[in-house]
Amino acid sequence: MLRQGTHRVGRAHDGVRHVHGVRESNHGVGGHIYSGGMTPSPRTQPRPQRPLALDEATVRRMSARVVASGPAQERMTPLTGETIGALPTSTPDDVVTAYERARAAQQEWAQRDVRERVEFLTRLHDLVLDRQDELLDLIQIESGKARIQAFEEVLDTAGVCRHYAKKAPSYLAERKALGALPVLTQARTHYLPKGVVGIVAPWNYPLSMSITDALPALAAGNAVVLRPDEKSSFTCLRAVELCDEAGLPEGLLQVVLGDGPNVGGAVLEHADSVMFTGSTKTGRIVARDAGERLKSASLELGGKNAMYIADDADLTRAAECAQRAVFASAGQLCISIERLVVHEKIADEFLRRFLERVTAMKIGVALDWGYDMGSLISADQLERVTQHVDDAVAKGATVLAGGKARPDIGPYCYEPTVLDGVADGMLFRDEETFGPVVSVYRVSNDDEAVALANDTDFGLNASVWTKDVARGRAIAARIRTGTVNVNEGYAAAYASNGAPMGGMKASGLGRRHGAEGITKYTDIQNVSVQRLQGFGVPKGVSQRQFARALSTGLRVMKKAGLS
Ligand code: NAD
């Protein structure tokens with residue numbers, strides 16, 4: 001059982017020590033200084049015999065939190081490929097049961113004042129920070145990412161809690177609007193919860209992607225049926241347990257488990273409002289189904305994000321940031337950078353600094369700090385990345401760094417890879433790769449950079465590097481992406497919880513964070529009260545006189561600046 005303050009040492013029935021926490025986990029497993037990539041450097045440590053499985057009591061407790069009557073399904077860790085535990089699967093009937101329970105709990109929840117509803121967020125904020133060691137272990141075990149990138153999820157989750165705990169009351173406050181007939185008409189806007197929000201979450205950010213979209217939905221007075229990805233269910237369940245501990249009333253947050261098309265599809269089919277994060281391909285299916293049912297759908301989809309390094313950029317900062325923004329979570333981050341667009345005047349110097357950093361990256365699969373990059377999450381992801389790189393190379397691209405799998409470090413590890421000469425017709429040129437790979441393009445001015453950044457079906461994130469912030473803002477205004485980071489790669493925009501983030505074009509519909517990230521879970525109702533004189537023609541007044549009087553009234557309103 002993972003408990004606060006214990007750095008995770010569980011004992012299963014067989015007495016084997018399971019899942020290691022920060023202090024006990026420094027086995028040096030798979031730790032490795034990346035050496036530039038053309039030949040694998042030797043492993044610094046032998047592969048460990050270290051069980052990462054969760055203990056039986058933890059698995060049993062988490063299983064009980066799922067509405068599931070189907071068979072148990074084993075989960076494995078990409079760190080080593082070993083089994084970490086089995087969780088039950090939900091049937092279509094289980095999904096119906098989850099919705100029934102959620103609907104029952106939501107009735108009373110919706111009646112509560114929003115200030116009362118956000119109280120659990122304040123407590124959850126502290127719990128997430130206090131229990132971060134066990135959360136970091138789980139995130140790493142399920143996703144294979146480096147600990148520092150797992151920590152981003154802790155930060156994100158705490159940030160979302162803090163933001164909506166403070167801001168939800170004002171975002172959802174009743175608003176007055178100017179009535180049709182000033183003084184006589186009183187118009188007010190109310191934000192009513194949709195009912196039960198169905199969330200299908202992806203695997204790449206096991207903590208933050210599975211729980212942070214549920215938090216504003218709950219704060220807005222909804223219940224939630226949450227279906228995390230099968231590869232990230234344990235972390236999600238731990239987050240759900242922390243919500244319970246933070247005081248979220250029973251029944252409001254239901255969890256079901258199972259595959260995407262069946263269980264995920266069933267969750268979305270019954271939802272009053274749909275929240276989906278995943279690929280554009282699946283997003284189109286989800287949008288079509290939601291459209292047929294006339295349900296609102298927020299879709300956070302893929303990206304092919306560009307970073308432009310202008311000729312006046314701070315190259316030291318840009319190189320550091322490019323390394324982080326390309327290789328965070330081994331590139332399995334929807335807003336990570338897959339295209340480096342570099343001004344030709346500084347291209348050689350930028351690349352020298354960037355490649356120096358890339359080839360010095362420390363890759364490892366240890367449950368410990370100190371690594372720059374971990375593993376990909378699965379054999380499928382490794383195959384996709386390998387296919388994209390091999391295809392580019394076969395069609396004429398050059399490998400500047402990396403370019404191959406590293407099974408000697410972990411079963412799904414792939415080197416941080418930099419490609420040059422990526423051109424039309426290569427898979428990597430236009431498809432989202434979702435791996436630790438970036439291509440380099442040289443441009444001679446800002447116009448070319450903007451054109452290249454926009455030359456994609458996607459429109460999720462972009463980054464612009466220039467010391468001239470006004471120039472950066474001007475370039476940003478011409479880039480068609482939902483977020484643009486000036487002098488940062490992705491974190492500045494994403495972590496600014498008060499500002500919305502999401503995609504343009506094939507990167508999605510709807511936004512998370514900010515007012516948009518919570519009002520999307522509401523139906524907006526306009527209640528207008530008419531006093532005294534209404535809109536009918538008064539007795540004794542001709543229709544012509546009435547029309548003239550109203551026309552005069554409109555002119556007066558315009559003059560007075562009323563709108
Ligand atoms: P995917 O679309 O294949 O799957 C995403 C999730 O949807 C998975 O949990 C999957 O099981 C489920 N799913 C699959 N078919 C479904 C269906 N018919 N109905 C309901 N659910 C279904 O994507 P993936 O390759 O697993 O995830 C990576 C993708 O997610 C990338 O494209 C990435 O950019 C995107 N993503 C976007 C954001 C964002 O905020 N924009 C964040 C994270 C990931």
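Modeller: A helix axis here is a line fitted to C-alpha atoms over the stretch in contact, and the angle between two axes runs from 0 to 180 degrees between N-to-C directions. The model is a predicted one.

With that in hand, take helix α12, residues 315–327, and helix α13, residues 347–359. Their axes come within 9 Å and cross at roughly 50°. An angle under 35 degrees would count as roughly parallel and one of 65 to 115 as roughly perpendicular; α12 and α13 are therefore oblique to each other. The crossing in which α12 passes α13 is right-handed. On the α12 side, the residues that meet α13 are Leu315, Thr316, Ala318, Ala319, Glu320, Ala322, Gln323, Val326 and Phe327. On the α13 side they are Glu349, Phe350, Arg353, Phe354, Arg357 and Val358. Sorted by class, this contact of α12 with α13 holds nine nonpolar, two polar and four charged residues.

Next come helix α5, residues 132–143, and helix α6, residues 147–171. They pack at an angle of about 120°, and their axes are 9 Å apart. α5 and α6 are therefore oblique to each other. Here α5 passes α6 in a right-handed crossing. From α5, Gln132, Asp133, Leu136, Asp137, Ile139 and Gln140 take part, and they meet Arg147, Ala150, Phe151, Glu153 and Val154 of α6. The contact of α5 with α6 divides into five nonpolar, two polar and four charged residues.

The remaining pair is helix α4, residues 119–130, with helix α9, residues 233–245. Their axes lie 8 Å apart, and the packing angle is about 130°. That angle makes α4 oblique to α9. α4 passes α9 in a right-handed crossing. Phe120, Leu124, Leu127 and Val128 of α4 make the contact with Leu242, Cys243 and Glu245 of α9. In the contact of α4 with α9, six residues are nonpolar, none is polar and one is charged.

Now the ligand. There are 26 residues around it, and those that come nearest are Trp203, Asp229, Ser279, Thr282 and Glu432. In Trp203, an N or O atom of the side chain is 2.6 Å from an oxygen atom of the ligand. The side chain of Arg227 also has an N or O atom 2.6 Å from an oxygen atom of the ligand. With Leu301 the backbone is involved: one of its polar backbone atoms is 2.7 Å from a nitrogen atom of the ligand.

Technical notes: Residues numbered from 1 in each chain as written. Predicted model: local features only at pLDDT ≥ 70, side-chain atom pairs only at ≥ 80, totals over all residues. Heavy atoms only, no water. Helix = DSSP H or I, 4+ residues; strand = E, 2+ residues; numbered from the N terminus. Parallel < 35°, antiparallel > 145°, perpendicular 65-115°, else oblique. Left-handed = near helix turned anticlockwise from the far one by under 90°. Contact = heavy atoms within 4.5 Å. Nonpolar A, V, L, I, M, F, W, Y, C, P; charged D, E, K, R; others polar. Near = heavy atom within 4 Å. Polar contact = N/O pair within 3.5 Å; in protein donor to acceptor, adjacent residues only side chain to side chain.
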